[in-house]
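Here is a short briefing to read alongside your structure. Have the sequence and the 3D view open, and let's take a look together.

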Amino acid sequence: MSTLPALLDAVLVVSLVLLGLSAVLVVVRLLRGPTGLDRLVALDVLVAEFLCGLVAYAALTGDSSLVPVVVAISLVGFLGSTTVARFVRRGTGR
Amino acid sequence: MSTGELVLDTIGTVAIVLGVLLTFVASIGLLSLPDVLSRMHAATKPQVVGLLLIVIGGALHLRTSPDVWMLVLVGAFQLVTAPVTAHVVGRLAHRGEGGLRRDLLYVDELADRPDEADPGPDDQEESPPPHRNGEAVGRSRRRGGAGSDGASLDSGE
């Protein structure tokens with residue numbers, strides 16, 4: 001029974017690594033485009049995965065000082081993506 | 001560590017692992033799906049379900065009242081804002097900005113809507129749209145409106 005917390009920590013570390021791997025995949029889509037909307041969707045997903053990583057890290061360490069950061073980034077990410085969507089112009093696709 | 005805390009930690013870890021797996025699958029989908037709308041389909045998984053599962057897991061791990069409520073706030077805010085972004089992006093994609101592949105659409109419910117020819121207020125100085133009856137009314141309403149971002153986001157509808 002005493003090995004269970006260590007096992008849970010190891011599982012959390014593995015899921016953090018998997019989150020990093022999926023962030024790499026999203027960055028590939030972000031760089032390849034091909035249009036501005038693809039990059040916008042990829043950037044949204046990247047922000048969401050960053051939030052997921054912060055919460056998982058807080059759960060791993062038991063350190064709750066990252067939780068206000070999560071709130072702030074979720075607010076700023078929404079503002080950024082809607083603003084960028086505002087400036088995607090017709091025809092240019094950039 | 002008591003048994004109850006261990007059970008909460010285990011449930012939280014299982015939720016986090018489920019969310020991470022969903023996020024990973026959605027990232028693969030984001031990389032491999034063919035066009036903007038189908039990529040949006042993949043993108044909503046980590047944005048809503050994945051983040052909610054991970055936030056629940058984090059709340060079960062942290063277990064103190066301010067942290068739990070702040071994580072609830074994150075989840076609720078994501079639930080409110082994800083449809084807004086998806087609406088804007090989907091509308092732009094359907095209007096033709098994002099290389100939409102119409103051969104992949106099973107049904108296009110907006111195909112015969114004349115509103116879809118409206119390029120929106122950003123482009124009126126570059127390429128004036130063909131004249132429509134409601135145009136003058138709509139434009140004056142936009143000019144006279146509150147001018148806030150939320151009001152101008154869905155202008156032209």
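Let's start with one residue of this predicted model. B:Leu33 counts as partly exposed because 17 other C-beta atoms lie within 10 Å of its own, while a buried residue would need 20 or more and an exposed one 12 or fewer.

**Around B:Leu33**
- You will find B:Leu33 in the loop that runs between α1 and α2 of chain B.
- Setting aside neighbours within four places in sequence, B:Leu33 has contacts with B:Ser38, B:Arg39 and B:Ala42.
- B:Thr81 sits 48 residues away from B:Leu33 along the chain, and 24 Å separates their C-alpha atoms.

**Where the chains meet**
- Contacts between the chains involve 48 residues of chain A and 53 residues of chain B.
- On the side of chain A that touches chain B, α1 (4–32), α2 (36–61) and α3 (67–86) of chain A each provide at least two residues.
- The most comes from α2(A), which gives 15 residues to that side.
- By type, the residues on that side of chain A are 32 nonpolar, nine polar and seven charged.

**The largest nonpolar core**
- This core holds 50 residues, and A:Val41, A:Val55 and B:Val89 have the most contacts inside it.
- Both chains take part: α1, α2 and α3 of chain A, along with α1 (3–32), α2 (36–62) and α3 (65–94) of chain B, each supply at least two of its residues.
- The largest share, 14 residues, belongs to α2(A).
- Beyond its neighbours within four places in sequence, A:Val41 is in contact with B:Val36, B:Arg39, B:Met40, B:Ala43 and B:Val89.

Conventions
Residues numbered from 1 in each chain as written. Chains lettered and ligands numbered in written order. Predicted model: local features only at pLDDT ≥ 70, side-chain atom pairs only at ≥ 80, totals over all residues. Contact = placed C-beta atoms within 7 Å. Helix = DSSP H or I, 4+ residues; strand = E, 2+ residues; numbered from the N terminus. Nonpolar A, V, L, I, M, F, W, Y, C, P; charged D, E, K, R; others polar. Core = buried A, V, L, I, M, F, W, Y, C linked by C-beta atoms within 7 Å.
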